[in-house]
2 protein chains.
Amino acid sequence: MNIALFPPLLGLIGMIAAFVVYMLVMKYPDGEDKVKKIGDQIHAGALAFMKTEYKYLLVFIAVLVVLAQMFLGTETAIAVVVGAACSSLAGFIGMYAATKANVRTATAAQKDGAAAALSVSFYGGSVMGLCVASLGLIGLGGLYYFYAADGGTHVHALEGFGMGASVVALFSRVGGGIFTKSADVGADLVGKIEAGIPEDDPRNPGVIADNVGDNVGDVAGMGSDIFESYCGSMIASIAIAYTMKDSGLMFLPLGLAATGLVASILGIFIVKLRSAKEPASALRSGTLLAPAIFIVMAYFLMNSMGDIPMAVLWCVISGAVGGVLIGLITEYYTGSAPVKKIAESGETGSATVMISGLSVGMQSVVIPILILATIILVSTSLASGAGVVGVYGVGIAAVGMLSTVGITMAIDAYGPVADNAGGIAEMSGMGKEVRDITDSLDELGNTTAAIGKGFAIGAAALAALAIISAYSAQVAFAYGDAFALSLTDPMVLVGMFIGICIPFLISSITMTAVGDAAFEMINEIRRQFKEISGLMEGTADPDSEKCVEIATKAALKKMMLPGIIAVAMPAVVGFGLGAIALGGMLAGGLLGCVALALFMANAGGAWDNAKKYVEKGNLGGKGSDTHSAVVVGDTVGDPFKDTSGPSMNILINVMAMVSLVISSLLPLNGILF
Amino acid sequence: MNIALFPPLLGLIGMIAAFVVYMLVMKYPDGEDKVKKIGDQIHAGALAFMKTEYKYLLVFIAVLVVLAQMFLGTETAIAVVVGAACSSLAGFIGMYAATKANVRTATAAQKDGAAAALSVSFYGGSVMGLCVASLGLIGLGGLYYFYAADGGTHVHALEGFGMGASVVALFSRVGGGIFTKSADVGADLVGKIEAGIPEDDPRNPGVIADNVGDNVGDVAGMGSDIFESYCGSMIASIAIAYTMKDSGLMFLPLGLAATGLVASILGIFIVKLRSAKEPASALRSGTLLAPAIFIVMAYFLMNSMGDIPMAVLWCVISGAVGGVLIGLITEYYTGSAPVKKIAESGETGSATVMISGLSVGMQSVVIPILILATIILVSTSLASGAGVVGVYGVGIAAVGMLSTVGITMAIDAYGPVADNAGGIAEMSGMGKEVRDITDSLDELGNTTAAIGKGFAIGAAALAALAIISAYSAQVAFAYGDAFALSLTDPMVLVGMFIGICIPFLISSITMTAVGDAAFEMINEIRRQFKEISGLMEGTADPDSEKCVEIATKAALKKMMLPGIIAVAMPAVVGFGLGAIALGGMLAGGLLGCVALALFMANAGGAWDNAKKYVEKGNLGGKGSDTHSAVVVGDTVGDPFKDTSGPSMNILINVMAMVSLVISSLLPLNGILF
C-alpha cells in the first residue's frame, strides 16, 4: 500500500475515536427542566450563530475559489474548498460537542461529583482536539495523496488548502471573539457593576449570550485557529522540501502529524485513566506524556523511512520542547507573582491596575520571543548541518510543536466547557457544592488555557515563518538572484513598515468592534432591567435572544473588514509594490503579530486572574474598592485576550498563506513604483 | 575662509541670540512673596535634580570614554565627551531658562495680559530651541572642522559625538519621564481623587514635584531627545556620504542645519512680531514660515555649493513636508473625533475609556508609518536617480525635517512653561483671570506639543534608519558581499526577533518604574495629609521637598537599567551573534520602537484631551461619573505619553549609534553560535 494513504486513513480512525468520545459524552444526562432549557438555549444560540457565520464565509470563500480557478487552476480551487470545509467542519463538530458537554458536565457534577464532571468536560474538549487533528490529516493528507504523492505534480495546489483553512480561521476567531466579548463585557458591566447581581445570574439578559460566546469564540474559534497553524506548518514544510526535490522530506510532516494523532489518542486515554485522581495531575500527565510518546514514535517513523537525517528529529524535539517552555512562561505571567502585583496595585485604583497590567503584558513578550529565536537558530543550523535547507528545520519544528494537537486542543477546549458548566449551574440554581466543583475545574481550565494560548502563539509564529520562507523560496526560484530580501533594500524596508502597521490596525478595528458592540449590549440590558417588570425580582424572564441577536449581528458585521484587509493586503502590496516589498511586509507583519499577540494575550490573562485572586477573598475580596479596580482590568483584558490578541496568530498566517498562493503570479517590482 | 567654519560660527551667533532672548525673559518681574517663593522652589528642585542626574551620567559617560579610548582611539573618546557635554548643556540651559520663564509668565499674565504672557513663555521655550540647534552646530560642526573637513581623516570619530549625545538623551528622557509622571500620578490620585482638592492646589504636597517634573521631563528631556535626532541625522548622512567620498555631500547636512538655524531665528522673530494678535495664529505662522524660508535658503545654499544634485533638495522637502504631515495626523488623533469618542465611552465607565483609548492609539500608528514609508520610497529613489546612494536621501530627508529645530523646539518647550505658569498662578492664588490666560496658553501648548511629538517620532525614525544604513554600509565595506542582511538568513531573523523584544522590555521597565514610584509618592502624600495637622485647612505648609526627593531618587534609580540595556544590547548581540544578527536587531528594534512610540504617545495624548474635554463641561463635566472614568484614562496615559513612549525614539537611536560606533570592531558571525 502507498505510504501516503496512511495519514488520511489514520485521520479516519481519529474521527471514529472522536465519535466514540462524543457518545461517551452523550451517555450522561442533560438534566431536567430549567437545566435542560438553559443548555438547549446555549446550544441553539451557538448553532444559529455558526450557521449564519458560515453563510457569510461561503460568499467570501466562493470569491476566493473563483479567483483561484481563474489564475491558479482547478487543483488549487478544489484545495481551497477542501481546506475551508475541513476547517469549518472541525470548528462546527467541536463546538457542537462542547455545547452538549457543558450541560452534562453540570449534571455530572451534581450527581456523580468532581471526577465524573472532569471526564465529561474533558471528553467534550477531546472531540474538538481529535476533529482538528483528524480532519487535517484527512483533508491535507487526502489532497497530498492525489496531488503530490507522485513527487509533486500539483504540490503547490496544497497551498490553496492552507488559504481556505486560514481564511475560515480568521473569520471564526474574529467573529467569535467579537461575539463572546461584546456579550461578556456588556453582561458584566451592567449585571455585576450596575445591578450588583452575581456573574451568570439568570436574571441578567446577557448571560446566555455570554455563554454562547464562550463556545463560538473560545471553542470554535480556537479550533479553527489551531487547525490552520497545524496544516500551515505541514504545507510550508512540504513546499520547502519540494524545492529540494526530496520526497521523503516532503512526506515527513504528514507522517509526523499522523504519529502525533496516535500519541494524542493514547494521551486522552491516559487522562481518562487518571481522572479519578487529582484533575490537575491527570491533565498534566496527558500534556507531558503525549509529546514524549510522540517523540519516541517519531524516532521509529524516521528510522523506518530510511533516508531522513536524524538531525531532523532534533528539530522536532526543539519545537516540542520550545512549545512547552513558552506555555510555562505564559503560565508564569498569567498566574504567579505578576498577577499578585497587579491585584495589589488595585489598592491604589483602576489606573494603577491598568499600568501594571500593561507593563506585565509588555514584559511577557520577551522570553517567549527569545525562545522562538532559539528554536529558529537551533533548527536551522541542525537542518543545514545535515544538508537540508535550514528553514525546513523551522517548518519541522513547528510540525513537532503541533503534532500532538489532538490532546493539546482537548485540554484547551475543556476549559470553556467547564466554564460553561459553571454558568449553567449558577443560572439553574444548582447550589454551592456543584458550583464549587465547576469552579475548581474552571480554574484549572484557565491555567491550561493560558498554556494553550502561549503554545498557539509560538506554533503559529513558527508556522508563519515557515510559510514566509516557502514564499521566499518560490519567488527566488522564479527570479533567481534578483530576488534578495536585503534589509538595505528600500523596498524591503517599506514593506516592513507596512507590515508592522497591519497588526496594530487589525487590533484597533477588533477592539473598537468589541467596544461598540458592548455599548449596544449595555444599552439593551439596561433597557430590559428597566422595562421588564419583575425581572429583578425573578418573576419575569429576560429576553436573552435579543442579546444573542445583538452579539451575532455585531460579530458578523465587524468581522468583514479585518478579513478583507488580511486577504487583500498581500495582493495589494505584492502587485502594487512587488514581491520584494511583500517579503518585507510579511517579516514586519510577523514581528508585529507575534509581539502584539503575546502582549495582549498575557496582559488579558493576568488581569483576569488578578480579578479572580481578589474574588477569592484577598485584598478585601468581592465588593471592595480593590475588587472594583481589578474588575476594570479584567474588562479591558477581555477583548485583549479573546478577540484582538488571538486574531494576531491567524492574521500573519493568512497573509503568509495568501502570499504563498499568489507567489507564482507576482512581479518582482510592482506597478506602483 | 574655510566653509566648514560656518556651521560652528553660526552656532555661536545662535547662542548669542539665545542669550538675548534669555535677557528678554529676565526683563519681566518674578513676582513677590508667595509667587516668588514657589517659582524659586520649582527652579531649585529642577536644578537639584539635574545636578544629581548629571553626576550619575558622568560615571556612565566616563566608562564609555575609557572604552572608546581603548578600542577606537582618542578622537572618538573626545567626541563622546563633546557630544555628551553639548547635549547636557542644551538641556540644562534650556531648563534653566524655562524655570525662570514660568513664574514670569504668570506675573506677566497678571500685570500685562495675554500677549505679554505669550511672549515670555515663548521666549522661555525659544532659549531651549536655540540652544539645541546652536550647540549641535558648535559641537558637531567644530568636530567636523577638525576631523573631517580635510576629506575625512577621522570622520568616524564623529559617531562618538552621536553616541555621547544619545546616551545623555536616553537618561534625560527616562529619568525625567519617571520623575515627572510619578509626581503627577501621585499628586493627582491623592489630591484630586481622594482629597477632592483641585489640581495644583498648594495644600497638595506633590504639586511642587509635579511642576519640577514638567521641567525636567518635558523641557530638558525633550531637548536632549531632539538634540540627538538632530545630530544623529547629520552624522549618519556624513557617514554615508563618506562611503561615496563626496566632500560636498559630506558637508551638506551641516550646511543645511546652519541654514535652518537662521530660518529658525527669523521664525522666532516673526512669532514675536505677531504675538500681539491671536496666539494660535502667531505660533502657526512661525511653524509654517520657518520651514518655507529654510527651503528657499537651502536652494541657494545648494546652488552655491555647485556640485550638489538638485534631486537632493527634493529629499529635504520630502522630509520637511512629511514631518508637518505626521504632526497634523498626531493632532487629529489627539484632538478631534477620536478624543470625543473616548470621552463618550466614559459614560459606560473607565473600562470602555481604556478600550477605546488603546484602540485609538493602535489605529494612530498606521498613517504616520505609511508617511514614513513614502518618505523612504521617495527620497531613496530621488537620490539614486541622481547617482547618489539611496539611503543618503533618507538621511537628508531627516536633516530636512530637523533643520528648523530651533523654532519647532521653541514652540514645543513653550507648552510646559505655560503649563507651569498656570500651576504657579493656582498655587499662589492669583485669581481666575490669570488662570484663564494661562489655561488658554496651556491648551494651545498641548496642541503644539502633540504636533511636536509626532514630529519628534518621525524625525527620530528617519534618523535611526539613516544611522542603521550607515552601520550596514560600514560593515559591508569591511566584509564585502559576505555581509548581506537577507531576511532569509536565520541570523537576521533571530536578530529581528531580539530587536522587537527590546522596546517592549524597556516600555515595561519604565511603566513599572512610574507605577512603583507613584505608589511611594501616593503613600507619602497620604501620610502628610494625615499627619500634618492644619494642612487641609491651609494653616500649615506641606513638606514638598520630601516629595521632590522621592521622585528624584526613584528616577535616578530606575533610569539605570534601561540605559544599560540600550547601550549593552548592540555589543552583546554584535559580539555574541555577529554583525549580521545585529543588523537584524536594529531593523526589528526600529519597527518596534516606532510603532510603540506612536501608539503610546497618541493614546496618552488622546486620553489627556478626553479628560480636558469633559472638564470643559461636556458629558456632565467635572465631578460626574464620566469625569472619574476619563481621569483613569488620563492617569494611564501619563506614563504612556511622557515616559515610555518618548523613550522609544531615543532607544532606537542609542542602539543604532552604539552599533555604528562599534561597527569596525565586530565579527561577521559571533562567538556564541
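I looked up B:Asp200 first, which lies in the loop between helix H5 (158–195) and H6 of chain B, where helices (H or I, at least four residues) are DSSP runs numbered from the N terminus, as are strands (E, at least two). I noted that this is a predicted model, in which local features need pLDDT of at least 70 and side-chain atom pairs count only at pLDDT 80 or more, while totals for chains, interfaces and linings use all residues. Residues are numbered from 1 along each chain as its sequence is written, and chains are lettered from A and ligands numbered from 1 in the order in which they are written.

B:Asp200 has a positive phi of about 60° although it is not a glycine. With 23 C-beta neighbours inside 10 Å, B:Asp200 counts as buried; I take a residue as buried if 20 or more other C-beta atoms, placed from the backbone, lie within 10 Å of its own, as exposed if 12 or fewer do, and as partly exposed in between.

**H5 of chain A**

I checked the length of H5(A) (residues 158–195): its 38 residues should span 56 Å at 1.5 Å a residue, and the end C-alpha atoms are 53 Å apart, which agrees; the expected span is 1.5 Å times one less than the number of residues. H5(A) bends by about 25° at A:Asp188, the bend being the angle between axes fitted to the seven residues ending there and the seven starting there. I counted H5(A) as mostly covered, since 35 of its 38 residues are buried, and after H5(A) comes A:Gly196, with a positive phi near 70°.

H4(A) (residues 114–147) has 34 residues and reaches 49 Å from its first C-alpha to its last, close to the 50 Å expected. Because 30 of those 34 residues are buried, H4(A) is largely enclosed by the rest of the structure. A:Phe146 also has its place in H4(A), but with 15 C-beta neighbours inside 10 Å it counts as partly exposed. The C-alpha atoms of A:Phe146 and A:Ala4 are separated by 9.2 Å, and these residues are 142 apart along the chain.

H19(A) (residues 625–662) has 38 residues and reaches 55 Å, close to the 56 Å expected, and it bends by about 35° at A:Lys641. As 36 of the 38 residues of H19(A) are buried, this helix is largely enclosed by the rest of the structure.

**Contact of chains A and B**

I found 62 residues of chain A in contact with 62 residues of chain B, contact meaning that the C-beta atoms, placed from the backbone, lie within 7 Å. H16(A) gives the most to the side of chain A that touches chain B, with 19 residues. By class, this side has 40 nonpolar, 22 polar and no charged residues; Ala, Val, Leu, Ile, Met, Phe, Trp, Tyr, Cys and Pro count as nonpolar, Asp, Glu, Lys and Arg as charged, and the others, Gly among them, as polar.

**H6 and H14 of chain B**

H6(B) (residues 207–243) and H14(B) (residues 405–427) pack at an angle of about 180° with their axes 10 Å apart. That makes H6(B) roughly antiparallel to H14(B). The residues of this contact divide into ten nonpolar, five polar and four charged. Axes are lines fitted to C-alpha atoms, for helices over the stretch in contact, and angles run from 0 to 180 degrees between N-to-C directions; under 35 degrees counts as roughly parallel, over 145 as roughly antiparallel, 65 to 115 as roughly perpendicular and the rest as oblique.

Methods:
Two residues are in contact if their C-beta atoms, placed from the backbone, lie within 7 Å.
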